[in-house]
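This report looks at selected features of a predicted model. Please keep the sequence and the structure in view while reading.

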Amino acid sequence: MEQGWYSVGQPEQRIDAEEKARGTVRFVGDYLSPGLMHAKLVTSERAHAEIRSVDVTEAWKVPGVRAIITGEMFPFHIGPILADRPPLAFKKVRYCGEPLAIIVADAEDQAKQAAERVVVTYDPLPVVNSPSDAMRPGSPLVHEDAGSYQKLISNVYPVSGTNIGSHIKIRKGDAGAAWAQCDETVTASYSFNLTDHAAMEPRAAMAEINPSGKIIIHSCSQSPFTIKKVLNQFFNVELGNVIVHIPLVGGAFGGKGTVQLEPLAYLASKAVGGKLVRLEYSREEDMRTAPCHIGLEATVRLGADKDGRLLAGQYTFLFDSGAYTDQGAGVTRAAALDCTGPYDIANVWCDSYCVYTNHPYATSFRGYGHPELSFAVERTMDKLARRLGLDPVEFRLRNAIKPGDETPTQAVLTANNIGDSAQCLLRAKELIGWDGGKAREAAGGKVRSKGLSLFWKTSTTATNAQAGAVIKFEADGSVNLNCAAIELGQGTKTVLAQILSEKLKMPLSKIRVTMEVNTQYDPHQWRTVASSTTFLAGRAVMSAADDAIAKLKKTAAVALQCAEEDLDIGDGRVYYRPAPEFGVDIQEIALGYKFPNGHTVSGQVIGVGKHVQTHLTPMDEKTGFGKPGPWWSVGAQAVEIELDPADYSYRVLKALTVLDGGTIINPRMAEQQMRGGMYLGLSFASTESFRFDAEGIVLNPSLRDYQMLRFGEEPAEYMVDFVQTPSAAGPYGARGIGEYGVIGMAPALANALSAATGAELDELPLTPETVWRAAGEGSR
Amino acid sequence: MIGFNFDYHRPGTPEEALSCFRESTGQGLQTVFYSGGTEFLTHARTGEISAGAVIDIKDIPECRELQWDGEILMIGAALTLNELAGSGEYPLLALAAKGVADHTSRNKITIGGNVNSRLPYREALLPLLLADAAAKVAGPEGERTLPLSELVGQGGRLPSGELLLQILVSRRAVERPHFFRKKTRMTKVGYPLVSLAADREGSRISGAFSGLCGQPFRLAQVDEVLSDKSLTPEAQAAEIRSLLPTAVTADQYASAEYRLFVLGRMLHELAEEWEECR
């Protein structure tokens with residue numbers, strides 16, 4: 001390892017901090033343009049019904065209406081994994097809030113008035129209102145023939161004649177025989193409803209088609225190149241004719257990783273002769289119509305010998321993916337391949353189902369299956385520890401996964417591809433002041449307790465997921481970096497600038513990163529999801545820097561009349577290593593070296609670089625066998641709560657994350673990212689939940705009644721620490737860390753509340769009423 | 001974005017406001033009085049409310065008054081909840097007002113709007129029910145003063161075309177010892193599962209509730225139960241349950257059983273607070 005970092009490891013201020021703090025950043029919804037037209041959606045009032053008619057007569061009478069598009073005008077299915085979703089419903093609707101028609105008008109209020117005048121008549125169908133209902137024999141079908149849909153990737157297994165959108169299997173060891181060896185087993189079930197991402201910026205997109213056939217999309221997406229792909233795959237347009245522009249994104253949390261608005265905006269623009277059309281969701285549409293966070297019903301069975309060694313695990317996940325599979329099918333797969341959590345278990349049996357219901361459909365959410373599986377697994381670990389008479393920390397330590405072990409998909413772990421889970425747990429134990437998970441009396445009749453969790457995650461990117469970077473120089477020797485990583489508040493552009501600063505040994509102030517992304521001039525990048533951007537784009541930046549350095553040295557060698565291999569770079573100069581005072585400023589060579597007589601050689605330096613995933617494989621259909629991700633980051637989380645046993649209200653006093661993130665590029669931003677993750681996780685765990693009536697209608701599709709933790713309700717104290725086991729493949733030893741702060745919060749909170757009350761808390765959200773109900777029925 | 005157009009008027013006197021109302025309705029426009037606007041704007045945006053004309057009463061001086069007239073506190077209907085909470089004039093109203101929505105919203109929400117809200121909670125009404133407050137109203141028949149509870153108690157709302165100018169409360173009511181508790185589903189900002197405002201004159205305790213049933217209420221029989229020292233809080237809760245005007249609310253925020261549990265806890269706290277009177 002290189003020592004004495006230049007910029008890596010420094011708590012640099014984010015490069016976009018000032019504009020954001022001053023409120024001058026422009027998001028998609030802020031762009032105005034003469035002649036801009038506005039689109040509004042007509043959405044379904046029913047969760048499951050046949051569409052008898054869509055009457056647009058009255059809508060056409062609203063002045064300014066230019067086009068009305070209904071489902072039968074584009075009766076095809078699209079989707080990222082399984083193409084099962086019509087962009088506009090035709091024949092039937094499958095969730096309340098589903099788009100049925102688009103109105104395009106000169107002004108936004110005209111479009112809205114017209115949308116309210118469209119009359120839809122329905123023939124109601126029986127509603128599938130939970131994944132367990134959906135799995136019952138004879139259940140109504142959300143999709144009549146799920147097996148007939150086009151598959152976009154290999155690892156998706158829909159089952160026709162059922163509500164199964166995908167069934168992923170893990171078969172490792174001999175799970176059947178192993179149960180007989182177990183001295184203790186525990187089986188428990190867990191559940192939570194779909195929730196919302198609730199990013200501060202509601203989703204918006206603009207589309208236009210210019211006369212030469214170029215389609216220009218402006219969006220707040222995490223996946224610009226996927227938008228191109230979707231329009232190419234499903235709308236029969238040439239890939240190169242689609243240009244996607246992404247300004248800064250106001251929060252995403254996975255919700256902007258999939259493609260929903262952009263095809264609608266494209267259809268809207270097409271219907272008005274290619275004019276620029278904006279489709280912007282209200283908060284309510286963003287919650288009800290756009291895809292949300294997946295729900296789950298899970299059953300976990302764990303068995304151990306009397307020494308507390310886990311011998312077997314069986315996991316059944318029924319993911320509530322709502323009306324369409326979208327990324328829910330990927331979440332189903334991701335949860336299966338990491339189903340055990342970070343424990344070494346020789347015998348594993350997992351059935352992970354992506355289940356159709358008549359709920360709003362799910363897509364990726366920060367953690368991608370891992371906050372979900374961790375809730376079920378980490379609750380069960382606490383229960384089994386209790387049954388074995390072991391401290392929950394000790395029980396976890398005895399089974400913590402380590403190099404040499406195999407994951408559920410039989411991927412072999414090495415010192416390079418997994419962090420140190422035991423170290424994370426021990427550090428968390430120390431920082432939270434672990435007391436064995438016992439309830440203690442506190443002032444005023446209150447009870448204090450602690451709960452913890454251990455977690456892991458790998459990123460199931462495409463096996464050819466990649467990123468590219470281009471470095472250009474100004475005449476003053478400063479640098480511009482272009483890369484298609486999306487800045488969505490996570491600070492990725494700052495991290496990439498630090499990596500470049502490190503490579504070039506150049507101050508951060510001399511490095512400018514293009515904040516917006518435009519697919520026309522930024523090199524291809526897979527997507528900004530899966531905690532993979534520091535890794536993929538970071539390596540691409542390093543490779544581009546190497547390219548630029550080689551070119552600078554080549555020019556400098558001419559100027560300095562020496563061999564390239566004797567040159568080094570640093571502080572804005574290329575210098576002769578044996579005599580560093582002998583060198584040339586980068587500004588003298590960045591655009592070519594000009595001799596005193598005016599002759600110029602080499603011309604400008606352009607550094608290009610890329611990085612692509614190495615040696616990933618899909619999973620075997622029957623056993624799950626495969627290597628799904630480049631590395632596993634591991635971590636431990638804990639909370640301390642204070643509960644009032646009189647009314648079961650509680651507050652979180654401390655929330656702790658210890659993560660093995662490999663080398664931490666920017667400790668201040670990493671700490672902030674963990675805090676944000678813990679907040680999101682606690683909000684999901686304690687209060688967020690979509691509520692459905694018997695007809696599958698969302699009862700709380702607005703922030704008036706969908707309750708989230710608010711500013712001021714965060715834990716009284718956040719604690720963050722990092723174990724830094726370098727990842728050999730990562731840039732300067734870094735691993736992905738973006739999603740991790742969320743993953744273990746729900747089980748840590750539930751474990752703490754269970755310790756405080758003696759009740760089993762196996763449902764989210766953990767409102768005081770949930771705790772009260774469990775405590776009344778639980779066994780003290 | 002509001003999907004309909006409407007006329008906006010901002011009269012300076014009650015007379016102007018009423019004639020404006022007559023003219024607008026005469027033109028066939030559905031007309032509403034408007035003050036803080038939080039409810040109108042948010043519900044208009046989601047298509048749950050509409051109007052052809054809106055008459056903003058914030059420029060009517062009477063509606064912005066907060067002052068004592070001898071033993072009577074006159075509270076202008078267009079005063080915001082934060083203005084009232086910050087004034088220090090009426091401590092129990094301040095407590096109830098501060099429980100409504102969030103601080104930013106309370107900068108806009110007015111007392112007149114809250115007591116006449118289309119939502120079922122109307123927590124600022126609770127102290128006023130305990131105080132037997134009066135309402136000064138301007139309408140087609142001129143100005144009149146009547147008990148506030150006749151207008152907006154028992155689930156009632158101000159009749160269309162009537163303009164609430166002021167709420168009048170006696171000093172005796174304002175200065176009574178008081179108690180306020182609000183319990184939400186989880187987060188601090190939220191609708192009440194149960195809110196309880198109580199006050200005491202000697203050993204006589206009165207209580208008004210929100211969240212428990214479909215409407216805020218105060219009942220003489222409930223006051224008797226609350227004042228009955230022979231009853232434990234559990235017994236009081238059971239008695240009150242049998243007296244409730246409608247079924248206990250069960251919705252996405254809480255079950256009816258949990259609301260009753262919360263009610264029991266509040267009665268415990270009330271008993272503890274006024275232990276010396278028991």
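## A helix pair in chain A

Helix α13 (residues 492–504) of chain A packs against helix α14 (residues 533–560) of chain A at an angle of about 35°, and their axes lie 9 Å apart; the axes are lines fitted to C-alpha atoms over the stretch in contact, with angles running from 0 to 180 degrees between N-to-C directions. The crossing of α13(A) and α14(A) is right-handed, a term for the near helix being turned clockwise from the far one by less than a right angle. Helices here are DSSP runs of H or I with at least four residues, and strands are runs of E with at least two, numbered from the N terminus.

Among the residues that α13(A) brings to this contact (heavy atoms within 4.5 Å) are Val495(A), Leu496(A), Ile499(A) and Leu500(A), and those that they and their neighbours meet in α14(A) include Ala537(A), Val541(A), Met542(A) and Ala545(A). The residues of the contact of α13(A) with α14(A) divide into 10 nonpolar, 4 polar and 2 charged.

Ser543(A) also belongs to helix α14 of chain A, and at 26% relative accessibility it counts as partly exposed, the class between buried (under 20% relative accessible area) and exposed (over 50%), with a 1.4 Å probe and protein chains only. Not counting residues up to four places away in sequence, Ser543(A) touches Val608(A), Gly609(A) and Lys610(A).

## Chain B as a whole

Chain B has 12 helices and 11 strands. Its radius of gyration, taken over C-alpha atoms, is 19 Å, close to the 19 Å that the globule rule gives for 278 residues, so chain B is as compact as a globular protein of that length; the rule is 2.2 Å times the number of residues to the power 0.38. Buried residues make up 56% of the 278 residues in chain B.

In helix α10 (residues 220–227) of chain B, the buried residues are Val222(B), Asp223(B), Val225(B), Leu226(B) and Ser227(B), and their cover includes β11 (204–210), α11 (233–243) and α12 (256–273) of chain B.

Thr80(B), in the loop between β5 (72–76) and α3 (81–87) of chain B, is buried with a relative accessible area of 10%. Leaving aside neighbours within four places in sequence, Thr80(B) is in contact with Arg64(B), Arg106(B), Asn107(B), Lys108(B), Ile109(B) and Thr110(B).

## Basis of the values

Residues are numbered from 1 along each chain as its sequence is written, and chains are lettered from A and ligands numbered from 1 in the order in which they are written. In this predicted model local features need pLDDT of at least 70 and side-chain atom pairs count only at pLDDT 80 or more, while totals for chains, interfaces and linings use all residues, and side-chain values use heavy atoms, with hydrogens and water left out.

How values were computed
Ala, Val, Leu, Ile, Met, Phe, Trp, Tyr, Cys and Pro count as nonpolar, Asp, Glu, Lys and Arg as charged, and the others, Gly among them, as polar.
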